[in-house]
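Trainee: I'm new to this structure and would like a close look at a single part of it. Could you pick one spot and walk me through it and what surrounds it?

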Amino acid sequence: MEMIQKIVTAENLIFMLKAAGLSVVIATASLLFGTILGVLGAAAKISKSKLLRGIATVYVEVIRGTPMMLQILFFYLGVPAIMRAITGTPINPSVYLIGIVAISINSGAYSTELIRSAIQAVDRGQWEASKSLGLSYGKMMRYIILPQAFKRIVPPLVSEFITLIKDSSLLSTIGVVELLQSAKVLGARFYNYVIPLLLASVVYLAMTLTISHFSKRLERRLAESD
Amino acid sequence: MISLRHITKKFGQLKAVSDASLEVEKGEIICLIGPSGSGKSTFLRCINGLEEPEEGEVYIDGKKVDTKAKNPKELEQMRAKMGFVFQHFNLFPHRSVLDNLTLAPIQVLGVSKEEAEKRARELLARVGLAEKADAYPAQLSGGQKQRVAIARSLCMEPEIMLFDEPTSALDPEMVGEVLDVMKELARGGMTMVLVTHEMGFAREVATKVLFLDEGQILEQGTPKDIFENPQHPRLREFLSKVL
């Protein structure tokens, strides 16, 4: 009881909520950059160029086939070392930047497949009707295919956002004070991990459940316009 | 105006169309008939490049069509001059009926929005659907969808209309309304090539009928020749089943 009173103070709660805010910022930025990478990746995957398709396939398979933890460590430990070897000067990028880059690249691989499959799921008749009206490839994509693919892209992108919020906790290992790391910091300070970890769980759940609630409403709205 | 010469199209090992040729002159109404899987639709789709034949050439107004898409612009311009009506309509479900009609004229022909809408409304009135301009495709019946699809093609002011089994996906009571629109087009002098199972329509409207079986054109002639005096045994057998 005494322990709860010691740990659950306004000051500590604000500390954790700020860290939760950082988790959301990292997840949002990574979702945004990851989606951009995903659009490019999907475009490469459905292009006629063998080279582009090959590059996209290697990207997707390498990222999906290796642990995210390894990817983060690679950007944290590996990339600066490589850069130093090439340029000769030590570089020290911020762990936030490293974290966002690593998670964006990871998310981009998943988004690539998600966006590609949504585009290819648009009925073949829609492609044929567009072509038969003389629309160019670009205009067909812009006016006919992508708007219809979009509906299928949004719901899985929202669940990708939830995944990213949880996965951003991996950045605690490289010293980013996001939500999980804030719990670890409090745990170390008070020699009690149970309460901070439970608090962190509650905050994670509050975030993920809120997002999935809105996601369900959004899905219903998208389904209505069919 | 259109000439298909010795077209062969394979799907894997299967020859869907085998050495088939066709000349279409302005004002002609050509019906392709034959059993399912005889290659009629594939042959029709070769005309506007929805299928790329392995062998043979397509000429439009004496000019060879490059379906290998080295020059996509050329293919796009060619398609813009041909209307294509699909069995399953393929209206754009996320756009209103009016938008379905005006999209291509605005984006491909560069017509102004006002002009495109004016023309679209005229065409919708012509197919009897003036009041449906603001509806979405999902709110229409099959027959209405197909009439909108025909109007959508006509909005491009095509020189020729291609129909791929336009009434096959319709409930029987809706076939008539679509055929009526097509008959009116025919009376207006539109050049048309149709794949159809509507023998009555072919008999009444066609200037030439082609019978295909297993990818080959086995017989062609006027509706009178084909329906009243069929020569090839496969055609006789086919007609005895469908008439």
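Mentor: Let's look at B:Lys73 and B:Glu76, which sit three residues apart in helix 2 of chain B and are therefore separated by about one helical turn. An α-helix has 3.6 residues a turn, so residues three or four places apart point the same way. The side chains of B:Lys73 and B:Glu76 meet in a salt bridge, with 3.4 Å from N to O; the term asks for a side-chain nitrogen of Lys or Arg within 4 Å of a carboxyl oxygen of Asp or Glu.

Before going on, a word on reading the picture. Residues are numbered from 1 along each chain as its sequence is written, while chains are lettered from A and ligands numbered from 1 in the order in which they are written. The model is predicted, so local features need pLDDT of at least 70, side-chain atom pairs count only at pLDDT 80 or more, and totals for chains, interfaces and linings use all residues, with side-chain values taken from heavy atoms, leaving out hydrogens and water.

Back to our helix, which covers residues 72–80. Helices (H or I, at least four residues) and strands (E, at least two) are DSSP runs, numbered from the N terminus. B:Glu76 has 13% relative accessibility and counts as buried; buried means under 20% relative accessible area, exposed over 50%, and partly exposed in between, with a 1.4 Å probe and protein chains only.

Chain A has nine helices and zero strands. Of its 226 residues, 44% count as buried. Where the chains meet, 19 residues of chain A are in contact with 21 residues of chain B, contact being heavy atoms within 4.5 Å. The buried area between them is about 1800 Å², and carbon and sulfur atoms give 60% of that. A:Ser132, A:Leu133 and A:Tyr143 supply 33% of the area that chain A buries against chain B, more than any other three residues. Buried area here is the accessible area (1.4 Å probe) that two parts lose on being put together, summed over both.

One salt bridge is counted between chain A and chain B: the side chains of B:Arg45 and A:Glu128 meet at 2.6 Å, N to O. Over all chains, the structure holds 17 salt bridges.

Two others lie within chain B. B:Glu204 pairs with B:Lys183, their closest N and O atoms being 3.5 Å apart. B:Glu204 lies in helix 7 (residues 199–205) and B:Lys183 in helix 6 of chain B, so this pair ties together parts that are 21 residues apart in sequence. The salt bridges that share partners join A:Arg124, A:Glu128, B:Arg45 and B:Glu51 into one network.

Because B:Glu184 lies in helix 6 (residues 172–187) and B:Arg126 in helix 4 (residues 113–126) of chain B, the pair ties together parts that are 58 residues apart in sequence. B:Glu184 is partly exposed at 32% relative accessibility, and B:Arg126 is partly exposed at 44%.
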